Amino acid sequence: MTKLNSSFMIGNVEIPHRTVLAPMAGVTNSAFRTIAKEFGAGLVVMEMISEKGLLYNNEKTLHMLHIDENEFPMSIQLFGGDAEGLKRAADFIQSNTKANIVDINMGCPVNKVVKNEAGAKWLKDPDKIYHIVKEVTSVLDIPLTVKMRTGWSDNSLAVENALAAEAAGVSALAMHGRTREQMYTGTCDHETLAKVSKAITKIPFIGNGDVRSVHDAKYMIEEIGVDAVMVGRAAMNNPYIFTQINHYFETGEELPELPFVKKLDIAEDHLKRLVNLKGESIAVREFRGLAPHYLRGTSGAAKIRGAVSRAESVQEVAEIFSTIR
Ligand SMILES: Cc1cc2nc3c(=O)[nH]c(=O)nc-3n(C[C@H](O)[C@H](O)[C@H](O)COP(=O)(O)O)c2cc1C
């Protein structure tokens with residue numbers, strides 16, 4: 001196994017472990033980010049924030065910017081389709097929040113986003129990527145990173161896009177091994193990630209896509225050559241994955257899986273943190289969508305999921321969970 005320095009640098013920000021919590025809209029608010037951080041995520045990334053939402057002082061957008069004092073280092077991801085808007089938004093983040101890093105979303109595949117030239121739309125033109133990164137870095141003292149996919153409809157521009165971002169001055173690059181067209185189908189394109197990893201020589205390259213276990217992380221780091229792994233969906237089922245991956249790279253030992261009851265404890269703790277952040281009514285509603293991830297693989301999960309999807313209070317969730325403890 002590869003023994004690695006556990007920390008790495010993104011610009012002047014020290015990231016204590018080679019694991020990153022992926023930005024996930026509707027999921028990576030401070031409630032979940034602090035959980036991921038406690039389980040060892042080296043860096044956590046906020047759910048994507050609309051550049052326009054900041055510009056118009058949208059109340060919901062401003063609420064999303066809440067950062068907990070226990071989650072540093074953390075990064076705020078912006079999405080937007082034009083240089084002026086993204087520059088203004090990046091400047092706002094730097095001046096009004098304690099974020100350590102600003103990230104630009106160049107991967108979001110959904111129509112609502114790409115039709116505004118944002119998200120994965122950037123991937124069609126490496127010159128545009130170069131330009132936007134140059135513009136946004138010009139207003140920032142803190143590091144700028146980019147998260148992209150391998151391409152729009154194929155992977156032919158993956159290396160060029162990555163090199164454009166690197167040349168224009170990003171401090172790290174994350175890439176999800178799927179094209180926009182693939183959405184979340186198929187498997188992660190490791191071959192393209194390996195090519196990009198080889199091409200990017202000046203900044204850390206963070207590999208993303210289908211990392212569900214220590215073995216997947218080991219493959220990304222040892223075979224693909226990434227500097228760190230970014231974990232999304234697997235963390236929603238098992239935030240302990242960050243501890244498992246860190247521990248493996250620091251000691252060579254594999255930790256056992258968490259017993260199911262521990263996952264229920266994490267789920268209930270997650271709900272408690274959401275209540276603190278958003279109040280009980282919104283928290284319970286949001287938790288209905290999050291609980292199935294924690295419950296995956298349990299016998300009788302469908303029945304429990306159904307019950308949680310109708311729950312109205314923390315007390316009700318606790319009662320439902322007590323039937324499977
Ligand atoms: C519910 C959900 C929301 C997501 N929201 C974002 C987002 O706001 N910004 C972003 O760059 N990627 C977003 N993604 C993509 C993830 O960051 C990640 O690239 C993708 O899930 C692949 O990684 P995984 O296989 O570890 O899940 C989202 C994914 C999911 C499942």
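Ala, Val, Leu, Ile, Met, Phe, Trp, Tyr, Cys and Pro are counted here as nonpolar, Asp, Glu, Lys and Arg as charged, and the others, Gly among them, as polar. On this basis, the lining of the largest pocket comprises 16 nonpolar, 13 polar and nine charged residues. The model is predicted.

The largest pocket holds about 780 Å³ of space. Its lining is made up of 38 residues. Ala-22, Met-24, Tyr-184, Gly-232 and Arg-233 lie nearest the centre of this pocket. Two or more lining residues come from each of strands E8 (144-151), E9 (172-179) and E11 (228-231). The helices that do likewise are H9 (214-224), H10 (233-237) and H11 (241-251). H10 contributes the most, with three residues.

The second largest pocket has a volume of about 510 Å³. It is lined by 19 residues. Closest to the centre of this pocket are Glu-47, Lys-60, Met-64, Lys-278 and Glu-286. By class, its lining divides into seven nonpolar, eight polar and four charged residues.

Several elements build this second lining. Strand E5 (49-50) supplies at least two residues, as do helices H3 (59-64), H12 (260-278) and H13 (280-295). H3 provides the largest share, four residues. Both domain 1 (8-251) and domain 2 (260-322) take part in the lining of the second largest pocket, each with at least three residues.

How values were computed
Residues numbered from 1 in each chain as written. Predicted model: local features only at pLDDT ≥ 70, side-chain atom pairs only at ≥ 80, totals over all residues. Heavy atoms only, no water. 1 Å grid on protein atoms, 1.4 Å probe; cavity = no way out; pocket = protein on both sides within 12 Å on 5 of 7 lines; lining within 4 Å. Points joined across faces, edges and corners; volume = space filled by probe spheres on them. Domains from an automatic or database assignment.
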